[in-house]
Amino acid sequence: MSAPRLAFANVTGGYGSTVIVRDLNGAVAAGEVLCVLGRNGVGKSTLMKLLCGYLPCRSGHVLLDGRPIDGFEPSARRRAGLTYCPQERPVFDDLSVRDNLSLMHAARQLGPLRPYFERFPILERRLGQHAGTLSGGEKKVLSFVRGLAEDQPLVLLDEPSEGVQWENILHMAECIAAKKAAGTAFLVVEQNLAFAERIADRYLVMDQGRAMLEGSRADIDRGRILGHLHV
Amino acid sequence: MDALIVTQAINVVYAVSTLAVLTLGLAVIFGLLGVLNIAHGEFVMIGAYCAYLTQSWNWPYLVALPLTLALCALLGAAVERIMIRPLYRRPFDTLVATWGLSLLLRKIAEAIFGPGFHSVTIPLPGTVQFLGIEYPIYRVVLIAVSFAVAAVLMIWYGRSRTGSRIRAMVSNPELAQAQGISVRRLAAATFIAGTCLAGLGGVMVAPLVPVQPFMGLDYVLRAFFVLVVGGLGSVPGLLSGAAAIGGVDSAISAASNATDGYFAVLVLAILFLWLKPRGLIARG
């Protein structure tokens with residue numbers, strides 16, 4: 001069997017001398033969605049930042065297609081095939097929606113985005129507007145579309161559904177399903193269990209920086225997840 | 001129209017445009033990277049000395065341009081790598097570090113060229129006639145080139161791909177990195193562009209001012225005042241700042257004397273820092 005697209009082993013780290021996440025393990029194979037669930041402040045976003053290279057791992061390793069990427073800075077991880085859509089400040093507020101979507105495309109063509117505009121027509125209507133004028137949920141949709149349109153083999157989404165209306169959350173789930181069928185691997189941080197249940201193959205439930213539950217969706221009891229999601 | 005008034009009006013335009021071109025380098029580095037490069041004036045000085053050297057070697061004046069750009073780029077790259085890169089987002093530290101750099105560069109210039117003045121001959125002597133007055137050709141060319149440089153920079157920043165990426169980096173560096181932009185390299189390139197623009201300004205003004213090791217001091221102060229009044233991050237802000245500072249300075253200097261002109265500039269800058277710290281045209 002080939003190496004998983006993303007694997008992380010014994011990942012420990014945080015901000016400065018403060019350790020937020022401890023000893024986390026996980027793997028995502030091609031065509032698979034791993035949902036990281038947990039309350040606010042349990043270290044989900046910190047895990048994402050450790051995986052993307054914004055924070056250094058105190059210990060542990062991150063492997064992309066079996067290759068260690070521990071020393072890579074975030075832009076190098078992107079070039080190695082890892083797309084990241086952050087939870088906070090998900091778009092360039094000072095740039096137009098068009099520039100947000102086409103910043104890294106040599107030809108600045110919006111053609112490949114056509115299918116996304118059909119699902120999220122709001123983006124096409126706002127192309128000329130500064131992204132800073134969008135609502136929080138609209139920014140999340142823009143960030144989501146930008147990330148998926150990058151067509152990378154691995155996509156990390158940090159709370160993509162936050163503030164997004166339910167109808168668009170369903171569209172997001174369908175987009176993820178289509179990408180997944182084409183072999184993309186996803187690691188999605190979520191608090192919205194209803195959304196997670198639509199997309200996840202496997203769960204990693206965190207509390208206080210540690211893994212509480214992990215396994216396939218079928219194996220994990222919903223009640224136990226809810227126990228960790230609600231105080 | 002009265003010839004004196006026309007002459008004074010063009011003098012104001014000349015003062016404003018040279019001020020704008022001398023501020024561009026500082027504006028790029030301060031506005032985009034948040035680094036207040038106190039050694040900005042010394043890069044202007046390097047440009048001026050390059051112009052002086054070119055002339056003393058009897059080379060055509062335009063040779064000073066590639067010479068300056070090469071020197072400022074090399075020096076800018078080294079300074080960014082060694083001094084600035086570890087200090088990004090530490091504004092006070094970069095201020096102290098670049099202040100030290102300015103002292104060093106000044107002393108190096110003094111060691112090589114001596115403490116005295118050098119003058120550079122105007123490469124385009126003569127005058128042109130228009131609106132009933134005679135005006136030195138070189139100053140007219142300087143006005144035109146200043147506006148051209150500012151306009152090209154503004155269009156490039158607003159339209160080009162690299163321009164958008166720089167705006168992206170300034171707006172949200174983490175996200176820029178997530179999209180594969182090497183912020184480290186782009187910031188270095190931006191810093192080098194700033195030092196090169198400062199050098200370019202030096203080549204342009206060299207024939208009109210005494211070239212000496214301390215010349216940079218005045219430029220960095222004025223350039224800083226321009227940014228205080230105009231606001232950071234846009235060419236229109238820079239031009240309006242240059243118009244305010246250059247206009248007030250040359251108007252008061254013409255009506256009274258140069259000391260009063262400088263005093264007025266200082267008062268204007270203090271008023272802006274106090275009452276409108278984001279300047280006339282703030283970014284975003």
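Student: In what order do the 6 strands of the open sheet in chain A lie?
Tutor: This is a predicted model, and in it the sheet is open, with mixed pairing between its strands. Its edges are strand E6 (82-85) and strand E10 (210-216) of chain A, each of which pairs on one side only, while neighbouring strands are turned by 15° against each other on average, direction ignored. Read across the sheet, the order is E6-E7-E8-E3-E9-E10.

Student: How many bridges join strand E3 of chain A to strand E9 of chain A?
Tutor: Strand E3 covers residues 33-37 and strand E9 covers residues 202-207, and the two run parallel. Among the facing residues, Val36(A) stands opposite Leu204(A), and Leu37(A) stands opposite Val205(A). The number of bridges joining E3(A) to E9(A) is 4.

Student: Which residue of E10(A) is the bridge partner of Tyr203(A)?
Tutor: E9(A) and E10(A) run antiparallel and are joined by 6 bridges. They form a hairpin with 2 residues between the strands, where Gln208(A) takes a positive phi near 50°. Within this pairing, the partner of Tyr203(A) is Gly215(A).

Student: How many of the 6 residues of E9(A) are buried?
Tutor: Helix H9 (residues 222-229) of chain A lies across E3, E9 and E10 of chain A, running at about 35° to E9(A). The strand E9(A) is described as mostly covered, and the count of its buried residues is 5.

Student: Is Ile176(A) buried or exposed?
Tutor: Ile176(A) is found in helix H7 (residues 166-181) of chain A, and, leaving aside residues up to four places away in sequence, it touches Val33(A), Phe186(A) and Ile199(A). A residue counts as buried if 20 or more other C-beta atoms lie within 10 Å of its own. Because Ile176(A) has 23 other C-beta atoms within 10 Å, it is buried.

Student: Which residues touch the most other members of the largest nonpolar core?
Tutor: The core holds 150 residues, and helix H1 (residues 3-33) of chain B gives the most to it, with 15 residues. For one of the residues in question, Ala48(B), the contacts beyond four places in sequence are Gly202(B), Val205(B), Ala206(B), Val211(B) and Met215(B). The residues that touch the most other members are Cys35(A), Val145(A), Ala48(B) and Ile245(B).

Student: What radius of gyration does chain B have, and why does it agree with that of a compact globule?
Tutor: Chain B has 11 helices and 2 strands, and its C-alpha atoms fill a box of roughly 60 × 45 × 35 Å along the principal axes. Of its 284 residues, 48% count as buried, and residues 24 or more positions apart account for 74% of its contacts with a separation of 6 or more. Because a compact globule with 284 residues would have a radius of gyration near 19 Å, the value for chain B agrees, at 19 Å.

Student: Which helix gives the most to the side of chain B that touches chain A?
Tutor: The contact takes 16 residues from chain B and 16 residues from chain A, and on the chain B side helix H6 (161-171) and helix H7 (173-178) each supply at least two residues. The residues of that side divide into 5 nonpolar, 8 polar and 3 charged. The helix that gives the most, with 5 residues, is H6(B).

Notes: Residues are numbered from 1 along each chain as its sequence is written. Chains are lettered from A and ligands numbered from 1 in the order in which they are written. This is a predicted model: local features need pLDDT of at least 70, side-chain atom pairs count only at pLDDT 80 or more; totals for chains, interfaces and linings use all residues. Two residues are in contact if their C-beta atoms, placed from the backbone, lie within 7 Å. Ala, Val, Leu, Ile, Met, Phe, Trp, Tyr, Cys and Pro count as nonpolar, Asp, Glu, Lys and Arg as charged, and the others, Gly among them, as polar. A nonpolar core is a set of buried Ala, Val, Leu, Ile, Met, Phe, Trp, Tyr and Cys residues joined through C-beta atoms within 7 Å. A residue is buried if 20 or more other C-beta atoms lie within 10 Å of its own, exposed if 12 or fewer, and partly exposed in between; C-beta atoms are placed from the backbone. Two strands pair if DSSP finds at least two bridges between them. Axes are lines fitted to C-alpha atoms, for helices over the stretch in contact, and angles run from 0 to 180 degrees between N-to-C directions. The radius of gyration is taken over C-alpha atoms; the globule rule is 2.2 Å times the number of residues to the power 0.38.
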